[in-house]
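Hi everyone, thanks for making time. Have the sequence and the model up on your screens, and I'll talk you through a few spots.

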Amino acid sequence: MLSDQIAEIERAFQANTTLLQTCRASTKQVAEVLREYLDRNTSITTLIHARASFTDHLLQLAWQHFMPADDNGIALIAVGGYGRGELHPCSDVDVLLLLAQENHHNYQQALSALITFFWDIGLEIGHSTRTIDECVDEATRDITVITNLIETRHVAGPAALLATLQKRIEPDQIWSSAAFFEAKEEEQRLRHLKYHDAAYNLEPNVKEGPGGLRDLQMISWVTRRYFNSESLEALVTQQFLTREEYDSLIEARDFLWRVRFVLHLHTKRSEERLLFDHQQHIAKAFGHLDESINRAIEAFMKEYYIHIMEVSRLNEMLLQHFREEILSDHNSIPVAINDRFQVTEAYLEVTRDDVFKKHPPALLELFMILTQRAEIKGVRAATIRLVRSHRHLIDDDFRNNPECRENFITLLRQSHGITHQLRRMNRYGLLARYIPAFGDIVGQMQHDMFHVYTVDEHTLNVLRNVRRFTVPAFCDEFPNCSKIILQLKKLELLYLGALFHDIAKGRGGDHSQLGKEDAYVFCQHHGLSEQDSNIVSWLVQSHLIMSVTAQRRDISDPDVIAEFAAIVKTQTRLDYLYLLTVADIRGTDPNLWNNWKDSLLFSLYNSTKQALRRGLDKQVDKSEWVIGRQKESLALLTQHDHAQIDALWQQLDDDYFLRHSASEIAWHSNEILNSNVTSTPLIAIHSDSEQGGTKIFIYASDEENLFANTAIALDQLNLNIIDARIITAKNGFTLNTYIVLEHDGNPITDTRRIDNIGTTLKRIIGQNKLSALPTARRLTRRQKHFNNTATRLNFFSEPNSAITVMELITSDRPGLLSLIGKVFVECNVKVHNAKIGTFGEHVEDIFYISDKNDQPISDVNQIKALRKSLFKALDNN
């Protein structure tokens with residue numbers, strides 16, 4: 001395959017002319033030749049071995065050229081992937097320069113020339129220079145070193161040196177098979193935790209992620225160490241794998257190898273992450289040509305997830321096999337649980353191989369037992385194999401069997417291990433068999449910036465989050481949720497709501513409505529009462545409404561609370577919905593959750609709780625609400641006399657007191673009364689630890705460009721505006737409150753940063769003209785990929801109000817509010833309020849606006865002009 005390139009470098013070394021140029025050119029040509037063979041559908045095994053073979057020739061020729069002839073004191077040894085003879089296009093070439101004795105200086109000049117040559121020709125060489133004794137010492141201390149050394153291969157120099165080293169590191173010398181296995185198992189556990197123990201990440205790491213190539217290498221390492229075999233086929237000979245399982249393992253390995261090979265060729269670097277940027281290209285390389293872009297990516301990624309799930313299943317089964325073979329006391333006596341199951345050394349197993357065949361409900365009983373007995377660590381390897389081979393028994397008759405239904409519901413009513421066992425059921429393929437609708441979302445991608453997991457992985461994460469609310473050790477994570485969940489008498493209803501909330505995604509139509517129907521049928525089929533079935537189906541139907549209300553509506557408005565309370569109807573449903581909402585948002589992407597969202601949702605929860613206590617037909621009159629808010633605020637204003645406060649409050653209408661808390665009103669009043677502001681803007685900044693955001697209060701004369709300039713200043717400061725409340729007083733001043741976060745989602749705490757914000761705002765707001773837009777910041781990598789949300793504008797009239805509501809849906813981008821504010825100024829539009837909602841790659845912002853005379857924008861031509869200007873500004877940026 002690469003014979004021409006090998007012959008070319010051989011001639012170059014013989015002639016010793018244009019050596020550098022020829023070897024550099026040949027090395028580059030190798031990648032192109034391999035690409036051509038890849039396009040011809042050449043076996044991936046052939047391709048990666050071909051690159052390793054070419055590299056062998058190159059290194060051997062260079063060794064002969066640069067190193068002393070017939071020197072028996074140093075050898076060139078391949079380690080790592082190169083040691084296995086597996087090299088992908090941009091993989092590092094890892095080598096060990098093995099010395100017989102401690103005389104590094106004798107070879108310093110030659111080795112320097114050799115390594116420099118490798119770098120000059122573009123070879124990514126990773127090298128270490130050690131004596132045999134040093135290798136043994138390092139390997140004794142470090143599991144990573146011994147792992148590298150057990151997959152070494154001789155390349156050049158005296159082979160006897162490697163033979164001596166291999167003898168010195170055998171299991172009877174250092175790292176017994178048991179110690180090696182335990183260390184590698186712990187290493188894998190920690191690596192999986194780094195990736196949140198989730199194989200179905202939407203941008204998975206092909207090499208390091210759960211179910212990836214490293215999990216396959218884990219099997220290979222233990223096989224080498226215990227069976228002294230370089231071939232995985234030894235696992236068939238030793239009856240650790242069936243031939244069918246071995247073929248499945250090799251198929252998954254070859255698929256992942258091919259993905260990684262294409263990824264390296266496409267990115268021209270050692271890229272191991274299957275980023276959104278690359279998925280379309282790789283989907284095309286795997287033959288997904290006829291579908292739309294998203295469909296092609298979806299089809300390819302589903303194929304990818306199927307293979308990594310198979311790797312995860314086989315990895316778990318084989319590690320359990322190794323554990324039993326290497327660590328177990330083979331004389332231990334099983335402890336019977338019942339006629340079907342027993343426990344051997346803390347691992348569950350069937351009493352006979354025909355248990356599932358004779359009694360199919362035992363397939364669910366196994367998982368139920370695991371939730372009931374916390375002392376059981378897992379399932380023995382032979383039983384895992386039996387579970388997998390009897391999945392076909394889960395059919396309609398199985399689902400209709402009362403014992404199976406009882407087993408599943410009983411599992412959900414346990415206090416321990418529910419999430420672990422549902423994950424295990426999903427890994428073994430049983431969850432998709434038992435709930436066919438769940439099978440449709442296994443490996444289902446979600447094409448947005450909001451989610452980082454597939455639908456099934458997200459669903460199980462939501463279930464895990466809900467379960468964590470019940471665990472005392474985690475009560476500090478979400479203290480409100482941990483208190484509320486104690487009030488629920490039937491936690492299984494919440495778990496079912498979590499399990500079904502996204503089950504209809506990808507079908508088309510409203511997934512909440514479709515999922516509601518699935519959930520109701522499932523609950524009824526499993527013997528739940530009509531009332532309980534309705535709670536679960538309502539939860540599924542309504543699982544988005546609390547998040548949408550909190551992030552898009554003005555929850556300081558009593559009418560909004562009354563409307564939401566009318567939907568919820570009861571305290572019990574409010575409790576269930578609040579817990580599911582928090583768990584759902586947290587389960588989309590752990591990095592999206594912040595204290596601001598926490599406080600927003602809990603504020604809505606508390607306001608709704610009060611409304612439900614009063615009764616849906618006894619909602620508070622707005623005037624009563626205002627009087628109550630003023631009394632609370634007055635109690636906090638102890639430094640000013642009532643006359644001063646009353647004079648200030650006379651300038652404010654009821655809307656101000658409705659939209660601000662008592663503490664905010666007291667803060668604003670103190671700032672204004674303590675200052676002598678007339679025309680210069682007053683800026684006050686306060687980080688609210690409870691609300692999780694930083695509040696910026698601006699008291700200034702009402703200028704048409706005030707909102708735009710404020711947005712421009714905050715954008716220039718690289719701050720995210722998440723809420724804006726704009727009140728115009730009767731004296732011609734505005735009281736504007738912005739809640740902002742740093743770009744990492746945290747409030748501002750650094751005093752110098754706060755001072756800079758205040759100074760910048762004063763400078764820009766103090767101008768009499770519209771400030772220039774700041775230099776546009778570049779889109780993030782993910783924003784570039786998902787920057788395709790079509791801009792939509794909707795205008796609504798508020799009944800009995802001088803306000804027009806404008807809803808904007810568009811792609812998120814840096815400086816968005818600055819652009820919008822500039823357009824408002826140009827179109828003579830005033831902003832009275834704003835709800836800023838960012839949902840992954842797109843925003844859904846609500847602006848409460850009027851014309852410059854504080855009247856609703858009812859003129860059709862003005863709305864047309866505003867719409868046209870906004871579309872133009874957004875399309876050009």
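Let's begin with a definition: two strands pair if DSSP finds at least two bridges between them. Helices (H or I, at least four residues) and strands (E, at least two) are DSSP runs, numbered from the N terminus.

Before we look around, some ground rules. This is a predicted model, so local features need pLDDT of at least 70, side-chain atom pairs count only at pLDDT 80 or more, and totals for chains, interfaces and linings use all residues. Residues are numbered from 1 along each chain as its sequence is written, and side-chain values use heavy atoms, with hydrogens and water left out.

Okay, find strand S6, residues 341-344, and strand S7, residues 347-350. They pair in the antiparallel sense over four bridges. Who sits across from whom? Phenylalanine 341 has valine 350 of S7 as its bridge partner, and glutamine 342 is opposite glutamate 349 in S7. The hairpin of S6 and S7 has two residues between the strands, and there glutamate 345 takes a positive phi near 50°.

Now, are the residues of S7 buried or exposed? Buried means under 20% relative accessible area, exposed over 50%, and partly exposed in between, using a 1.4 Å probe and protein chains only. Both faces of S7 are covered: Tyr347 and Glu349 are buried on one side, and Leu348 and Val350 are buried on the other.

S7 also runs parallel to S8, joined by two bridges. Here tyrosine 347 is opposite glycine 378 in S8. Zooming out, this is an open sheet of four strands with mixed pairing, in the order S5-S6-S7-S8. S5 (335-336) and S8 (378-379) are the edges, each with a single partner strand, so one side of each has no neighbour in the sheet.

There's another open four-stranded sheet, also with mixed pairing, ordered S3-S2-S1-S4. Its edge strands are S3 (125-131) and S4 (153-156); each has a single partner, so one side of each lacks a neighbour in the sheet. On average, neighbouring strands here are turned by 30° against each other, direction ignored. Inside it, S1 (residues 74-78) and S2 (residues 93-99) pair in the antiparallel sense over five bridges, with isoleucine 77 opposite leucine 96 in S2.

Two helices lie across this sheet. For the angles, axes are lines fitted to C-alpha atoms, for helices over the stretch in contact, and angles run from 0 to 180 degrees between N-to-C directions. Contact itself means heavy atoms within 4.5 Å. Helix H5 (residues 108-120) lies across S1, S2 and S3, at about 160° to S3. Helix H8 (residues 159-168) lies across S1, S2 and S4, at about 90° to S2.

Next, a helix pair. The axes of H1 (residues 3-15) and H3 (residues 44-66) come within 10 Å and cross at roughly 5°. H1 and H3 are therefore roughly parallel to each other (under 35 degrees; over 145 is roughly antiparallel, 65 to 115 roughly perpendicular, and the rest oblique). The contact includes Ile6, Ile9 and Phe13 of H1, and Phe54, Leu58 and Leu61 of H3.

Last stop, the cysteines. How many disulfides are there? A disulfide is a pair of cysteine sulfur atoms within 2.5 Å, and by this rule the count is zero. For cysteine 23, the nearest cysteine sulfur, in cysteine 90, is 18 Å away. Cysteine 23 is buried, at a relative accessible area of 0%, and cysteine 827 counts as buried too, at 11%.
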